[in-house]
Amino acid sequence: MPILLNASDYRERARQFLPRGLFEYIDRGTEDEAALRRLRASLDAITLLPAVLTGHESRDLDTTLLGRQMAAPLAVAPTALAGLVAHDGETKLARAASRVGIPVCISTQSVTTVETVRRGAPDALLWFQLYVWRDRALTGRLLERASACGCDNLLVTVDTPVSPNREYNERNGFGIPFKPRPRSVVDVALHPRWVFGVLARYLVGEGMPTYGHYPEAFRTAITRADIAEAVRLEPRLSWDDMRWLREIWPGKLTIKGVLAVEDAEKAVEIGADGIVVSVHGGRNLDCLPVPADCIPAIVDAVKGRLAILADSGVRRGTDVLKYLALGAEAVLLGRLPLWGLAAGGEAGAEAVLRMVLREMDTAMAFLGAHRVPALREVRVNERN
Ligand SMILES: Cc1cc2nc3c(=O)[nH]c(=O)nc-3n(C[C@H](O)[C@H](O)[C@H](O)COP(=O)(O)O)c2cc1C
């Protein structure tokens, strides 16, 4: 088996293992995928200026974020349906993150419930991601469950008012509800390792994988009809909803998907503890700016008043360092841990996280930054 050395190696292994519909759901962007290209170009255009002769034996990635100590300024981003990538995939991601010493965020749309993840990963630093449902009472109950499981940071995703236009999902017949087409049936049949290693294990155990948190009455087995109205995405969300969440959620509150300075300021006003400067991995709207262009102005406006996190497009440890040098305090990884999970289960997810840490460590040595705060002093030059 060839050694997996970088993100591309893991991605390629994931491509071989997963049915095409699922691989593309994870890998691709939206519409013409300009946002994906822009993300890559924006990170490649950034250069970091080293300080030489800083004289340190080793680097230390230790970070305090939102009042918590963690091993590195990283977290595993919430990703819907991670449980389709490996059997009990969300728990495997949680264990991998826990072993590395960083938080993992469980999605509202996970396959495995937060209770099951907590049982399988008792020591994990768990966050919870919320898609506010139209039915606010059901939303409130979901939050009680997340809080009872010890999730101490709620990431409310505000950049997804409707379902994005992902034409490849349509072509592949991938979606909720899953619409089997000859093409998707052949696709699945061509990936027997996934069928036996993942799907069949659900079928003989808990049944057809579903969105695990969706209330029993509204639960959508992937093959069943429509997602009930009560748990649809909510396009009418407003800052009043964020105030409501601030009142009912006892832990830290982080708003995910902020790009405008004015919105970052509103997040401060409603008492949020953090924001994630994010374009949802280039998966939602194809004409968004890139986080690298938005972070500096947001940092100038709200630094010190809430935690500024960032994500989207990270494929190397140096990409993480670039977001940190621009002023982000921590960075979320979306696709990378999923590729690790596909390539090698729990051990694969852990290996990918350790690979990113190694890449960060090596680059920090070159930059003369031996601790995370020193990275914020690294000068960023952008070539255009
Ligand atoms: C397969 C997949 C599913 C995702 N599901 C969610 C989700 O349920 N909620 C959410 O807030 N973000 C979701 N995201 C976005 C990630 O949280 C994150 O913002 C993004 O993946 C970061 O970009 P990267 O994949 O380039 O690291 C998803 C991303 C992927 C790749």
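Colleague: Which residues of α13 are buried?
Modeller: In this predicted model, the buried residues of α13 are Gly 317, Asp 319, Val 320, Leu 321, Lys 322, Tyr 323, Leu 324, Ala 325 and Leu 326.

Colleague: How many of the ten residues of α13 is that, then?
Modeller: Nine of the ten are buried, so α13 is largely enclosed by the rest of the structure.

Colleague: And what follows α13?
Modeller: Gly 327 follows α13, and the phi of Gly 327 is positive, near 125°.

Colleague: What about Leu 81?
Modeller: Leu 81 is not a glycine either, and its phi is positive, about 60°. The loop that holds Leu 81 runs between β4 (74-76) and α4 (89-100). With a relative accessibility of 2%, Leu 81 is counted as buried.

Colleague: Now the ligand. Which of the residues around the ligand come nearest?
Modeller: There are 23 residues around the ligand, and those that come nearest are Pro 78, Ser 107, Thr 157, Asp 311 and Gly 313.

Colleague: How is the shell around the ligand made up by class?
Modeller: The shell has eight nonpolar, ten polar and five charged residues.

Colleague: Which atom of Pro 78 lies 2.8 Å from an oxygen atom of the ligand?
Modeller: For Pro 78, a backbone N or O atom lies at that distance from a ligand oxygen. For Ser 107, a polar side-chain atom lies 2.8 Å from an oxygen atom of the ligand. Lys 256 also contributes its side chain, with an N or O atom 3.0 Å from an oxygen atom of the ligand.

Colleague: Changing topic: how much space lies in the second largest pocket?
Modeller: The second largest pocket holds about 550 Å³ of space. Its lining consists of 30 residues, and Val 158, Asp 159, Thr 160, Pro 161 and Gly 257 lie nearest the centre of the pocket.

Colleague: How does that lining divide?
Modeller: The lining of the second largest pocket has 16 nonpolar, nine polar and five charged residues.

Colleague: Two threonines to finish. Where is Thr 30?
Modeller: Thr 30 lies in the loop between α2 and α3 (34-44). Thr 30 is counted as buried, at 1% relative accessibility. A polar atom of the Thr 30 side chain lies 3.0 Å from the backbone oxygen of Asn 165.

Colleague: And where is Thr 112?
Modeller: Thr 112 is placed in the loop between β5 (104-106) and α5 (114-120). Thr 112 is buried, and its relative accessible area is 8%.

Colleague: How many residues separate Thr 112 and Gly 150 in sequence?
Modeller: Thr 112 and Gly 150 are 38 residues apart in sequence, and in space they are 16 Å apart, C-alpha to C-alpha.

Definitions and conventions: Residues are numbered from 1 along each chain as its sequence is written. This is a predicted model: local features need pLDDT of at least 70, side-chain atom pairs count only at pLDDT 80 or more; totals for chains, interfaces and linings use all residues. Side-chain values use heavy atoms; hydrogens and water are left out. A residue is near a molecule or strand if one of its heavy atoms lies within 4 Å of it. A polar contact is a pair of N or O atoms within 3.5 Å; within protein, one must be able to donate a hydrogen and the other to accept it, and residues adjacent in sequence count only if both atoms are side-chain atoms. Ala, Val, Leu, Ile, Met, Phe, Trp, Tyr, Cys and Pro count as nonpolar, Asp, Glu, Lys and Arg as charged, and the others, Gly among them, as polar. On a 1 Å grid over the protein atoms alone, a cavity is a set of points where a 1.4 Å probe fits but cannot get out, and a pocket is an open set with protein on both sides within 12 Å along at least five of seven lines; lining residues have an atom within 4 Å of a point. Grid points are joined across faces, edges and corners, and a volume is the space filled by probe spheres set on the points. Helices (H or I, at least four residues) and strands (E, at least two) are DSSP runs, numbered from the N terminus. Buried means under 20% relative accessible area, exposed over 50%, partly exposed in between (1.4 Å probe, protein chains only).
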